[in-house]
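Please open the structure in your viewer and keep a selection tool at hand. The stops below each begin with something to select, followed by what is there.

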Amino acid sequence: MSNSILPMLANSKLPPGVDHLHITTEGTVRLGRGGELIEFGFSFMDVPFTASTRQVQTGPVVQVSGEIAPLPYSAEGLVVRRSAMAIIDASQELAHARLAISKHKTILCVGKAPFSIPATPVDLISSVASIILEVKPFLQILAEILPTWPKPAVQG
């Protein structure tokens with residue numbers, strides 16, 4: 001994300017009637033109207049994440065998801081697979097985030113946190129940061145034991 005966008009995000013609320021904010025991977029911002037979702041992407045520990053808002057019974061939440069890496073096969077090492085499964089299981093006790101396994105046997109990081117309306121971009125980013133900080137120790141352990149981990153995006 002471009003550094004020039006951060007001051008705008010930190011010091012402003014969405015204009016009246018604007019309830020859609022989309023930050024592209026290039027760092028540009030698109031605003032919209034009409035009850036659309038607010039969505040943006042970011043990388044943490046070289047893992048691409050997406051964040052979007054949605055309305056639930058208890059109020060608005062921001063949801064975060066990222067695809068971490070394939071779940072190791074037993075043939076890659078039974079100890080590594082069991083360790084990865086133990087980390088995933090332990091993450092189920094977190095308040096706002098957890099690790100999961102997709103139907104394609106990929107390790108996912110998912111989470112959601114509430115935010116208040118009206119929300120500033122900083123409020124949304126703070127909610128997302130709280131999710132990521134909660135799951136960070138689990139991601140760090142996975143990064144140490146998994147045979148594969150996402151590579152840094154090539155800037156070009």
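Is Ile107 buried or exposed? Select this residue in the predicted model, and you will find that Ile107 is buried, because its relative accessible area is 0%, where the cut-off for that label is under 20%. Ile107 has its place in strand S7.

Next, display the surroundings of Ile107: when residues up to four places away in sequence are not counted, Ile107 touches Gly66, Glu67, Ile68, Ala69, Pro70, Leu71, Ile88, Ala100, Leu142 and Leu146. From that list pick Ile68 and draw a distance between C-alpha atoms, which for Ile107 and Ile68 comes to 5.4 Å, although the two are 39 residues apart along the chain.

Now move to Thr106, which is found in strand S7, a strand covering residues 106–114. Thr106 has a relative accessibility of 13% and therefore counts as buried.

Finally, draw a distance from the C-alpha atom of Ile125 to that of Val62: the separation is 9.2 Å, for a pair that lies 63 residues apart along the chain.

Methods
Residues are numbered from 1 along each chain as its sequence is written. This is a predicted model: local features need pLDDT of at least 70, side-chain atom pairs count only at pLDDT 80 or more; totals for chains, interfaces and linings use all residues. Side-chain values use heavy atoms; hydrogens and water are left out. Helices (H or I, at least four residues) and strands (E, at least two) are DSSP runs, numbered from the N terminus. Buried means under 20% relative accessible area, exposed over 50%, partly exposed in between (1.4 Å probe, protein chains only). Contact means heavy atoms within 4.5 Å.
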